[in-house]
Amino acid sequence: MMRFTSLLCLTLLAISNINSTAQIITGADQTEKYLSHLKGKRIGLVANQSSLIGKKSSVDSLKSLGIKIVKVFGPEHGFRGNASNGAVVGNEVDAKTGIPIISLYGKNEKPTKEQLADVDLMVFDIQDVGCRYYTNINTLEYVMEACAENNKELLILDRPNPNAYVVDGPVMTDDKFKSGIGIHYTPMTHGMTIGEFAQYLNGERYLKKQCKIKIIKVANYDHDMPYILPINPSPNLNTQQAVMLFPSLCMFEGTAINEGRGTHMPFTILGAPALKGKYSFSYKPVSIPGMSERPNHKDTVCYGLDLRNYDIDKLRKSRQIDLSLVIELYKAYPDKARFFGQERANTGVSPFDLRIGTDQLRKQIIAGVSEADIRKSWEPGLQKFKAIRAKYLLYP
């Protein structure tokens, strides 16, 4: 009887968890709350493949509902999400709708006055994953800045942050570490949705002039809720496991370690040729059009860690990124002088430091500082940031 009761409780708990996730309703899916605001206006939509109403592209859905979309602005990876990381994406006309698509990745990061001239209202609808080095929040700032300068309102269709449970890592405080993969004085993971981050940008005066924003909140949501993304947010975050490990594994892009780019398992495996004999797991990165054309260690067998079965609940319970991985692989790497990327000639800053937002972590790892002591050094910055962040939260 006791065993039956236990099984029944577990079943009810599982059903409860499924239902709580199913009850989450994105801002975009609550069309009744914003369609009237769009009617009769010329709309500019910042969107990519993650911009969905139900299972259909927001662009296609809104157009079918009689909304006049005059331009689509696409971030990194393009509007349909088929461009590799860092790839140049040009302006084009969407073959399906005939709507002009303006790229906001590359030289034209911010919509120009001319591009906004025939736009009455801008709409931002893009899935984020909660990291400083995930460039959607950069695009958000540039769009807000352009809207403020040109007196355009920005409607934000908010979406859950799958990594909202974690606010962790060193806070970037020095301008010399600002780059295309980090322009905000936040920890590596900020724990905010796009709507909350927009309020943060306005409130913390990142913009010369405040942007007028209207946010359609996510319904039935809080920061601790697990959220399974209905579509890949970018080509190399192609599994839920990759999305959840991204905050911990993206820092390896500034090292001699391949983080799974050049495979169909990005951000779930780690390795390098120099680790042969240290680890038994191996794989070979290759050029994959639309994902990664020039991965680190292309066409060379890498040895390292297979994290495809890594327990994500462990991360959720700890509320931390997994710092142990970079410490472990640094210790295992034979030529430690080559582990961290070389300083860039034009900045004097290493690629690793640009991702982390400081050179302190690299120096601590090299010096053999323990993980516990590294984390203690983060605490003052994290506590200060959390107090600032609390002012802009829309959800518990």
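In the predicted model, the second largest pocket has a volume of about 360 Å³. Its lining is made up of 19 residues, and those closest to the pocket centre are Val 171, Met 172, Thr 173, Tyr 185 and Gly 381. Helix H12, which spans residues 371-389, gives the most to this lining, contributing six residues. Classified by side chain, the lining of the second largest pocket comprises 10 nonpolar, six polar and three charged residues.

The chain as a whole contains 12 helices and 12 strands. Of its 396 residues, 57% count as buried. The accessible surface of the chain comes to about 17400 Å², and carbon and sulfur atoms account for 53% of that area. Among contacts in the chain with a separation of 6 or more, 72% are between residues 24 or more positions apart.

In soluble globular proteins, nonpolar side chains tend to be buried together. In the present model, the largest nonpolar core holds 94 residues, of which Leu 140 and Leu 154 touch the most other members. Helix H5 (residues 136-149) supplies the largest share of this core, with seven residues. When residues up to four places away in sequence are not counted, Leu 140 touches Phe 124, Leu 154, Ile 156, Ile 194, Phe 197, Ala 198 and Leu 201. A second, separate core consists of 20 residues, including Leu 45, Ala 47, Val 123 and Ile 216.

Asp 125 lies in strand E7, which covers residues 121-125. This residue counts as buried because its relative accessibility is 0%, below the 20% limit that defines the buried class. With neighbours within four places in sequence left aside, Asp 125 is in contact with Ala 28, Leu 45, Val 46, Ala 47, Asn 48, Ser 51, Leu 52, Ser 58, Leu 157 and Arg 159.

Helix H7, formed by residues 240-249, is mostly covered, with nine of its 10 residues buried. The buried positions of H7 are Gln 241, Ala 242, Val 243, Met 244, Leu 245, Phe 246, Pro 247, Ser 248 and Leu 249. The elements that cover these buried residues include strand E10 (269-272), helix H8 (312-318) and helix H9 (324-332).

How values were computed:
Residues numbered from 1 in each chain as written. Predicted model: local features only at pLDDT ≥ 70, side-chain atom pairs only at ≥ 80, totals over all residues. Heavy atoms only, no water. Core = buried A, V, L, I, M, F, W, Y, C linked by side-chain atoms within 4.5 Å. Buried < 20%, exposed > 50% of the residue type's maximum accessible area, 1.4 Å probe, protein only. Helix = DSSP H or I, 4+ residues; strand = E, 2+ residues; numbered from the N terminus. Contact = heavy atoms within 4.5 Å. Areas by Shrake-Rupley, 256 points an atom, 1.4 Å probe, with all protein chains shown as cover. 1 Å grid on protein atoms, 1.4 Å probe; cavity = no way out; pocket = protein on both sides within 12 Å on 5 of 7 lines; lining within 4 Å. Points joined across faces, edges and corners; volume = space filled by probe spheres on them. Nonpolar A, V, L, I, M, F, W, Y, C, P; charged D, E, K, R; others polar.
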